[in-house]
Amino acid sequence: MHRLSVASPLNTELDRIDYRTTPEYYIDTDQVTDPVVAHLLGRCPTVFGLKKAIADLLTGQLDIEMPETSGIIEPGAVVRGTVTVAAGAVIAEGAVVTGPVLVCPGAVIDAGARVRDHTVIGPGCRIGWGAEITRSLLAGGVFMKHTSFVGDSVLGIGVNIGAFVSTTGLRVTSGPVTEPAVDEVCARLDGHRVPTGQTKFGAVIGDGVIVPAGTVLQPATLIGAHTTLYPRTQIGGFFPAGSQGR
């Protein structure tokens, strides 16, 4: 059950948080089986704080016990930097993983997949040929079995990413794109701009959402849990949990 977050009356900052920006709106935290993923979700009042929490975790700045690297890295896999492969996880021959990255128990990064820095691949995820992920959290059971791209994003439990799906994370409405980016990305709720505090932010995709093949997600797209998305070339904005996006 996805529960609405109730802010403490003793904390005026939490009082101002829209529950539609909380991790609990998108991910049923009672169903999160990995303790590291659960800790990350529990320490962030909003989904916009998860990227920094992941970076802090993977650079040793959080007091969270990381699992031992006891999973399988097959011969022929390319692994660079600090990559933690938990028990039961597999990085297959032909996969490319550039740390810092955490691969949780039971996750499989298959041949032809690419996982880049500051990413947590949750338990039971299946990342297939041509899929690329960077600076993101996959809470668990995510399927990306085809050519696709997810960056600067948060994916809930059981999300399915179709072929040729892509998140986008940069504003392109204020002139030429610069690197590093300098313009803050904002989400939109009820017609109002909601600051993310970041210059790159892709999407938050709630539990059980299937993103149809060929879909491009605009920056700071927020898709509530168990939303049904119908095939479209491009989507953006906010989709309430359980809604239908046409």
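**Rings and strands, term by term**

Mentor: This predicted model holds four aromatic pairs.

Trainee: How do you know whether Tyr25 and Tyr26 are buried or exposed?

Mentor: Tyr25 has a relative accessible area of 9%, and Tyr26 has 0%. Buried means under 20%, so Tyr25 is buried and Tyr26 is buried.

Trainee: Which residues do ring pairs link into a cluster?

Mentor: Tyr19, Tyr25, Tyr26 and Phe238.

Trainee: What makes the charged end of Arg20 count as sitting over the ring of Phe238?

Mentor: The charged end of Arg20 is 5.4 Å from the ring centre of Phe238. The distance cut-off is 6 Å, and CZ must also be within 35 degrees of the ring normal. Arg20 is listed as sitting over the ring.

Trainee: Why do S12 and S15 count as paired?

Mentor: Three bridges join strand S12 (residues 137–140) to strand S15 (residues 154–157). Pairing needs at least two bridges, so S12 and S15 pair. They run parallel. Gly140 has Ile157 in S15 as its bridge partner.

Trainee: What makes S3 and S26 edge strands?

Mentor: The open sheet has eight strands, in the order S3-S6-S9-S12-S15-S20-S23-S26. Strand S3 (83–85) and strand S26 (238–239) each pair on one side only.

Definitions and conventions:
Residues numbered from 1 in each chain as written. Predicted model: local features only at pLDDT ≥ 70, side-chain atom pairs only at ≥ 80, totals over all residues. Heavy atoms only, no water. Phe/Tyr/Trp six-rings, centres within 6.5 Å; stacked < 30°, edge-to-face > 60°. Buried < 20%, exposed > 50% of the residue type's maximum accessible area, 1.4 Å probe, protein only. Helix = DSSP H or I, 4+ residues; strand = E, 2+ residues; numbered from the N terminus.
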